[in-house]
Amino acid sequence: MPAFICIHGHFYQPPRENPWLERVETQPSAEPYHDWNQRITRECYAPNAAARLLDESGRIRQIVSNYARMSFNFGPTLLSWFAAERPEMIEALRSADLLSRQRFSGHGSALAQAYNHMILPLAAPRDRETQIIWGLEAFHHYFGRPAEGMWLPETAVDTPTLEALAAAGVRFTLLAPHQAGRVRPLAGGDWQDVSGARIDTRRAYQALLPSGRPLALFFYDGPASRAIAFEGLLDDGGAFARRLIELAGPEDGRPRLAHVATDGESYGHHHAHGDMALAYCLDQLDSAAVQPQAPQLTNYGEFLARFPPQDEVEIIENSSWSCAHGIERWRADCGCNSGGKPDWRQRWRGPLRAALDGLRDALAPRFEARAQTLFRDPWRARDAYIEIVLDRSSRNVREFFARHAPPHAVLDDAAISQGLQLLELQRQAMLMYTSCGWFFDDISGIETVQVLAYAARAVELAARLFPGSWRELLLHPLESAAGNVALYPDGRQVYEKLVDPMRIPFSSLAVWYGVTILLNHALTPTGHACYRLRGRHARLWRAGDTRLALGEVEVRSRITWESARFHYGLLHRGAHNFSGGVRPAAAAPPDASEIEQAFNSGNLAAASNQLQTWSEWSDNALHLLFREAQREVLERVLAQELDHTDRVYRQLYEHHVPLLLFLHASHNPVPPGLRLAAEFSLYGALRQELHAHPLAPASLTALLQEIERAGINVDFPRLAPLLSRRLSEAAAAARQHAQDRDRLRELRETAEFVRRFPVHVDTWQAENDLFALLQSAWPAAAARQGDAAARDWQAEAAAAADLLRLHLPEA
């Protein structure tokens, strides 16, 4: 009987969006990237969509999608982030799934996942059902087909969870080998104890369910999976392939499936170049598959269709793949943690879950009672709310309410807004159970702060909808959630110090609107994150570097359709000196004539006094901004200020260049002040040249030589991402204008400068574009050997390929 191999990757990040913005804020721990989603996408998710296969000389001979030849799942919340921030990833995954369907008898390799990685055995029954429904709907939205299989968060399982999967039409799921209890033939026979990971993982099994519904279970090979994740098997793609071939084992009269499952982040994030090891492994398996009796690559859907289960299995209830104590890691101080702080305890886990359970259970009846006035069936409406989460267009929202409203319901904007608030409250009350909130070591960690932020957003919505002390209902039990960090001794302190600052009142968006007008010289923004901003009566005055902005703005949430109007009055005295504020708008805007007169006469003190009647005053209006907006404004302010600083340092440096060169050449110490001026000046000059259009590699090279002659250390690593972006732009332009030799020359010259640059520069995207260009255009150019233009094009292309370590295609 044939043998098969399947590699599964569970690709997942917890939802990281600020619940008030629906956008991921800057995460300093992810530097040099904006946030961890960006960083892991570059290190893992994108490289596996374009993995490198090298030739004998280390040049890239092929770029392939690992996803097309493996089994994989992506969390729905990560897919939604891709859709907003990296849409090319959605296209890459969907294309890979389509290729896998063509390869594996119509069965796609992509699996669904329960929506926000909630531990389903610990979930309320309604939440468990909704999580599965939302995961399946999100999968269909992004992949354009129904899902055959679904990944369970942390493979946490009990019989009700399996029943819910089967009821939803899921055909199979994956579990760890130690989650199997006993097996017996479907045709009848005695039970065999396979606990302790003794199950034969090379078969598909039928889950033993009280309902009798069909659901297949696959149990991945534990030792091989651990070797991939923790024991260095990804150091050698060939050894990886051989391990899987050995795993299939000898012929035993039944079809055999050698399969492994790990976090997908093993392939590039946890292990550098793990994507390339996986690509090489898959390539070796494909090459070996042409031999008689060699294992063939497959996926779970294809294997299950060809070889249905012959045995049934009884699971070990309340078990998971990442906790030796079952599912205690998500509700108790069981001893499981990251290992980085062995003296820390996780006594906070139980009180955290109890606090959230108390909030959820108090919200449910209030939601149901209020929602009955807007929906025929409130809980079915919640199940269907994923349709709005995936498409928040006004038309889709109105059609949703028309489908779910009771007869004769009045569906004006106010009613729809209330319905959206109710449904959004329920979404936040599920997001607050994301598993990562309990996985790590302390309640002050970013993952736990994130789930508390979702709880805070639910509390805020509840306070608007229902009377009650919702905040204290949550905070009081959090006082017993003891942490390990002195600054954050318990859950209440974490909430008040780390979660409360994440809140974004509408007034803060109104301040941002006014500040942006001042910075943009009257160009009015129309939105920010999940808010629409609409201004009226805007007026802007300028006197030198000082500006005054007055007006009115309506802030409207695209999520809940709530809105509020504000008057803003802001004075900008240059740099970060913004004063003024906002206040709820009256029926008509206040009279601005006295403010205008004071400002135009240069009496800023009088103008400031008048502004205080217009808005809620602050001497530093930046304090009124939410954190991400404050960062954005300060980046713009600093960019302007640093331009001036660069000019000052440049003048100082250029005045002393001969002296500096003499001191360096004669091995005499350079005074700290002069060295600092040189470092700032040369760094600024290099940065300015890297921003120039078109790029001038000759000028950049001259600057590098000047830096070397002066013996100055410049912050090259900070400039490397900018240079990487310019190289990518040059490669994209060459690909877009495939026959333009000048574009290729620009790419080649930029790549030459990258080679000279003192620190590593990421050339990954440029390699992708040049590789695609060579595959499409090189054969045709090679066929026109008598054409001088074709020969010149080939010469430039070959030179660029050599610099980027690409193997030239065959003619």
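## The largest pocket

In this predicted model, the largest pocket is lined by 46 residues, and those nearest its centre are Pro32, Arg718, Pro721, Leu722 and Arg725. The space in the largest pocket comes to about 2,200 Å³. Sorted by class, its lining holds 17 nonpolar, 12 polar and 17 charged residues.

Five named helices each contribute at least two residues to this lining, namely H1 (36-49), H22 (627-655), H24 (672-691), H26 (716-736) and H28 (764-783). Helix H22 gives the most to the lining of the largest pocket, with 11 residues.

## The second largest pocket

The second largest pocket has a volume of about 1,300 Å³, and its lining is made up of 41 residues, of which Phe230, Asp263, His270, Trp321 and Phe439 lie nearest the centre. Two or more lining residues come from each of helix H1, helix H6 (222-230), strand E12 (256-263), helix H15 (436-439) and helix H16 (446-465). Helix H6 supplies the largest share of the lining of the second largest pocket, 6 residues.

By class, the lining of the second largest pocket has 19 nonpolar, 13 polar and 9 charged residues. Helix H1 is named among the contributors to the largest pocket, and it is also named among those of the second largest pocket.

## Enclosed cavities

Searching the whole structure turns up 3 cavities of 30 Å³ or more, and the largest cavity has a volume of about 70 Å³. The residues that line the largest cavity are Arg203, Ala204, Arg254, Pro255, Phe303, Phe307, Pro308, Pro309 and Gln310. By class, this lining consists of 6 nonpolar, 1 polar and 2 charged residues.

## The six-stranded sheet

An open sheet with mixed pairing is formed by 6 strands, in the order E7-E11-E10-E14-E8-E9. Strand E7 (172-175) and strand E9 (192-193) stand at the edges, and each has a single partner strand, so one side of each is left without a neighbour in the sheet.

Within the sheet, strand E10 (residues 204-207) and strand E14 (residues 311-315) run parallel and are joined by 3 bridges. Tyr205 has Asp311 in E14 as its bridge partner. Ala204, which is among the residues lining the largest cavity, falls within the range given for strand E10.

Once neighbours within four places in sequence are set aside, Thr173 is in contact with Met150, Trp151, Leu152, Leu162, Leu165, Ala216, Leu217 and Phe218. Thr173 and Ala112 are 61 residues apart in sequence, and the distance between them in space is 9.6 Å, C-alpha to C-alpha.

## The chain as a whole

The secondary structure of the chain amounts to 29 helices and 21 strands. Its radius of gyration is 30 Å, close to the 28 Å that the globule rule gives for 811 residues, so the chain is as compact as a globular protein of that length. Taken along the principal axes, the C-alpha atoms fill a box of roughly 95 × 80 × 55 Å.

Of the 811 residues of the chain, 55% count as buried. Among contacts between residues at least 6 apart in sequence, 69% join residues at least 24 apart.

Conventions. Residues are numbered from 1 along each chain as its sequence is written. This is a predicted model: local features need pLDDT of at least 70, side-chain atom pairs count only at pLDDT 80 or more; totals for chains, interfaces and linings use all residues. Side-chain values use heavy atoms; hydrogens and water are left out. Two strands pair if DSSP finds at least two bridges between them. Helices (H or I, at least four residues) and strands (E, at least two) are DSSP runs, numbered from the N terminus. On a 1 Å grid over the protein atoms alone, a cavity is a set of points where a 1.4 Å probe fits but cannot get out, and a pocket is an open set with protein on both sides within 12 Å along at least five of seven lines; lining residues have an atom within 4 Å of a point. Grid points are joined across faces, edges and corners, and a volume is the space filled by probe spheres set on the points. Ala, Val, Leu, Ile, Met, Phe, Trp, Tyr, Cys and Pro count as nonpolar, Asp, Glu, Lys and Arg as charged, and the others, Gly among them, as polar. The radius of gyration is taken over C-alpha atoms; the globule rule is 2.2 Å times the number of residues to the power 0.38. Buried means under 20% relative accessible area, exposed over 50%, partly exposed in between (1.4 Å probe, protein chains only). Contact means heavy atoms within 4.5 Å.
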